[in-house]
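Subject: Structure for your review

Dear colleague,

Please find the structure below. My notes on what was found in it follow directly after.

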Amino acid sequence: MTETASPRTPLSPTPRSTPTRLTDRARTDRADLDAVLDAGLICHLGVLLGGTPVVLPTAYGRAGDTLYLHGSTGAGNLRAALTSDISVAVTLVDGVVYARSAMHFSMNYRSAVVLGRAREVTDPEERLHALWVIVEHAAPGSWSRVRPPNKKELAATKVLALELTEASVKIRAGGPKDDEADIEAGGAWAGVLPLRQVWDAPVDSPDLAPRTPVPADVLQRAGS
């Protein structure tokens, strides 16, 4: 979601959130963090589970300066996420960079890593808002036309909030950065093979009632 909080919380330049390599790719503008998080659909949640680092993909949503995650109350990774600091990473691949030497092959990408201590959302109003944020991030316009969670479903769902105060953002764009000697030698093709993600046409559920129309926002998203 692109909901904005005011005033905005700046990124915290801590030692663990400050890039130490390829610093020219680092971004310090808070808007770059928001843009990466808003463009992604899946994040990877890193937690310590029984003393072992575990990274799991999960849905998320952003509301201003807060990132929301959710899952089953029985999920061990969410319980572990409340006992120590966690990391949340989102990466968007924009293309493969072909170079004249194997060493300089690369990727064009946008990435964000958020660090901090998550809190469990227990306030009923905020919990419902967080679930709205997550659903609307993945499927904009859906919440208002579907059945909201009932008491049983809410009781089975754990919601976490992570404040976006400590994060790093890196972006790479452009072509290969070959050595002058390899450029002069020529031979191999060099350039970028761009990658983009597109939606296909909506597919009806097999048990959908006849003549149930596809919502306009779904058709618009699919480019129909």
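The expected span of a helix is 1.5 Å times one less than its number of residues, and helices (H or I, at least four residues) and strands (E, at least two) are DSSP runs numbered from the N terminus. For helix α3 (residues 124–138), which has 15 residues, the distance from first to last C-alpha is 22 Å, close to the expected 21 Å.

Two remarks on provenance are needed. This is a predicted model, in which local features need pLDDT of at least 70 and side-chain atom pairs count only at pLDDT 80 or more, while totals for chains, interfaces and linings use all residues. Residues are numbered from 1 along each chain as its sequence is written, and side-chain values use heavy atoms, with hydrogens and water left out.

Confidence and overall form

The pLDDT is the predictor's confidence in each residue, from 0 to 100. Its mean over the chain is 91, with 94% of residues at 70 or more. Strand β1 (residues 26–27) has the lowest confidence, at a mean of 81, and strand β10 (residues 191–194) the highest, at 98.

The chain contains six helices and ten strands, and its C-alpha atoms fill a box of roughly 70 × 50 × 40 Å along the principal axes. Of its 224 residues, 34% count as buried (under 20% relative accessible area, with exposed over 50% and partly exposed in between; 1.4 Å probe, protein chains only). The chain exposes about 13,200 Å², of which carbon and sulfur atoms supply 58%; these areas come from the Shrake-Rupley method with a 1.4 Å probe, and for residues only the protein chains shown count as cover. Contact means heavy atoms within 4.5 Å. Among contacts between residues at least 6 apart in sequence, 74% join residues at least 24 apart.

Helix α3

Asp123 caps the N-terminal end of α3, with a side-chain oxygen 3.2 Å from the backbone nitrogen of Glu125. The buried residues in α3 include Glu126, Arg127, Ala130, Leu131, Ile134 and His137.

Aromatic pairs

The whole structure holds two aromatic pairs. Rings of Phe, Tyr and Trp (its six-membered ring) pair if their centres lie within 6.5 Å; planes under 30 degrees apart count as stacked, over 60 as edge-to-face and the rest as tilted. The pair of Tyr98 and Trp189 is edge-to-face, because the ring centres are 5.5 Å apart and the planes are at 65°. Tyr98 lies in strand β5 (residues 86–98) and Trp189 in the loop between α5 (180–185) and β10, so the pair ties together parts that are 91 residues apart in sequence. Tyr98 is partly exposed at 29% relative accessibility, whereas Trp189 is exposed at 57%. Together with Phe105, Tyr98 and Trp189 form one aromatic cluster.

Individual residues

Ala161 belongs to strand β8 (residues 157–163) and is buried, at 2% relative accessibility. Not counting residues up to four places away in sequence, Ala161 touches Thr66, Leu67, Tyr68, Ala118, Arg119 and Val121.

Ser168 sits in strand β9 (residues 167–172) and is also buried, with a relative accessible area of 18%. Beyond its neighbours within four places in sequence, its contacts are Ser17, Pro19, Ser111, Ala112 and Val113.

Most residues other than glycine have a negative phi. Arg211, although not a glycine, has a positive phi of about 65°. Arg211 lies in the loop between β10 and α6 (216–222) and is exposed, at 80% relative accessibility.

With kind regards

Notes: Polar contact = N/O pair within 3.5 Å; in protein donor to acceptor, adjacent residues only side chain to side chain.
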